[in-house]
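Please look through the structure below before reading on. The text after it takes a few parts in turn.

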Amino acid sequence: MTAPPAGAGGLGERQAALVAALTAGRPVPEGFDGFRFEAARVALLRKRAGEVARQWPMLAAGFGDRWKREFAAWAAARPAQGSLRDGWDLARDLTRRGGLPSVAAAELAEREAAWHYDGASAPRSRRGPALRVTSGAAALQVAGRVWLLRRP
Amino acid sequence: MADPYGVGVGWRPEIAGFVAELPGLRFVEVVAESVHAHGELPPGLQELLDRGVTVIPHGVRLSLGGADPVDPARVEHFAAVAARLEAPLVSEHIAFVRAGGIEAGHLLPLPRTREAVDAVVANVRRVQASLPVPIALEPIAALFDWPDDELTEAQFLTEILDRSGARLLLDVANVYANARNRGTDPAELLDHLPLERVAYVHVAGGAEHQGLYHDTHTDAVPEPVLDLVTALCERQRPPALMLERDGDYPPAAALAAELDAIAKASGYPSVT
């Protein structure tokens, strides 16, 4: 391995600083073009927003044209956990704040009934039956089948 | 892909119906991470395989450019998908997507340094050890560069390919985007790349925001990118070229027109 430039740290350390700056709101590493780095950061958030919208279509639809902006603002200091978890975390956050769009309530309730998600690791299919009520929607899951009992 | 495959397309669930109806299609690419190694294939993909269409797995999450060794579980999945699809080759990027335990959610550029070359080559060799087929490496579009590049882009890429023995997946839209954003000549990069090692080519659309060209894959393929396809084919025509579209899908007629434009620019027969 060739030695890294003096004082610059190894590749792994520098890559970690770069990812932290892009995903967790840490300062732009020294020597990078700030304008271009910011453009990349914003592009990344918009790309994540598009991916989450595919996984959570009703959540995104609930925000209409404001979706990418809303998601980007929420996700700016939250590293990507994959579009399923990113959307789930946002939907739960909105629910806590009473801001979940009502068209997205059924989507969330169905997933809460079908899967166990601890907020920290990949969601798992529930073994037993579950009834979940969220933002006025109610979903029941029995043996892997999900019924939507009520819409808000 | 020794025999010419001509024009193909990036298979995505949203355009599966459109792709299924393309009469002259001989190859598609599929995102490797979206395919189960052992479970059922996404609807539509099996039908393409049954028709004799070649399906190339394209990895996006291996992080070959990461300073850390590639995750063996990801490599195992990649290799299993290649075997499952009976693919003649696979592809991944010269990039990193995570560091320090955090996912970037996107392909990030490497510094063009010898240390980075060493890291990529070491990871490519680890992957090659498990793969049943050759791998092609794709240089990415980067909105920013590292401040301490030691090598030109052509030197950086050629060194990686020479030392790993990998083939090149050349994305002409990335070549165009990087040249435009750096104020360099895209055709000049073509003159300095080992074009005889090109396994296949990506073509995609993009758009300009605030003076920077973004390789979005959600906009139409601009004319200068098609001109670059022609410039590439004049130097050495690759055996296969494909359209990459990842969202904001246009009506079928517009997608077909993009495939036809790639066919025209490269001189391959239309697949629509």
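The paragraphs below go through a helix and a strand of chain B, and then a sheet of chain A. The model is predicted.

Begin with helix α3 of chain B, which covers residues 72–85. This helix has 14 residues, and the distance from its first C-alpha to its last is 20 Å, close to the 20 Å expected at 1.5 Å a residue. At its N-terminal end sits a cap, Asp71(B). A side-chain oxygen of Asp71(B) lies 2.9 Å from the backbone nitrogen of Ala73(B). Just after the helix, Glu86(B) has a positive phi of about 50°.

Which residues of α3(B) are buried? They are Val75(B), Phe78(B), Ala79(B), Ala80(B), Val81(B), Ala82(B) and Leu85(B). The buried residues of α3(B) pack against several elements of chain B, among them the strands β2 (27–31) and β3 (54–58) and the helix α4 (114–130). The helix α2 (45–50) and the strands β4 (90–94) and β7 (135–139) of chain B are also packed against by these residues.

Next, find strand β12 of chain B, residues 240–244. Why is this strand described as largely enclosed by the rest of the structure? The description holds because 5 of the 5 residues of β12(B) are buried. In a regular strand the side chains alternate between the two faces of the sheet. Both faces of β12(B) are covered, with Ala240(B), Met242(B) and Glu244(B) buried on one side and Leu241(B) and Leu243(B) buried on the other.

Strand β1 (residues 6–10) runs parallel to β12(B), and 4 bridges join the pair; here Val7(B) has Leu241(B) as its bridge partner. Strand β9 (residues 198–204) is also parallel to β12(B), again over 4 bridges, and Val203(B) stands opposite Leu243(B).

Now turn to chain A, where 3 strands form an open sheet in the order β3-β4-β5 with antiparallel pairing. The strands β3 (130–134) and β5 (145–150) of chain A are at the edges with a single partner strand each, so one side of each has no neighbour in the sheet. On average, neighbouring strands of this sheet are turned by 20° against each other, direction ignored. Helix α6 of chain A (residues 105–114) packs on the sheet and touches β3, β4 and β5 of chain A. The direction of α6 makes about 30° with that of β4(A).

Notes. Residues are numbered from 1 along each chain as its sequence is written. Chains are lettered from A and ligands numbered from 1 in the order in which they are written. This is a predicted model: local features need pLDDT of at least 70, side-chain atom pairs count only at pLDDT 80 or more; totals for chains, interfaces and linings use all residues. Side-chain values use heavy atoms; hydrogens and water are left out. Helices (H or I, at least four residues) and strands (E, at least two) are DSSP runs, numbered from the N terminus. The expected span of a helix is 1.5 Å times one less than its number of residues. Buried means under 20% relative accessible area, exposed over 50%, partly exposed in between (1.4 Å probe, protein chains only). Contact means heavy atoms within 4.5 Å. A polar contact is a pair of N or O atoms within 3.5 Å; within protein, one must be able to donate a hydrogen and the other to accept it, and residues adjacent in sequence count only if both atoms are side-chain atoms. Two strands pair if DSSP finds at least two bridges between them. Axes are lines fitted to C-alpha atoms, for helices over the stretch in contact, and angles run from 0 to 180 degrees between N-to-C directions.
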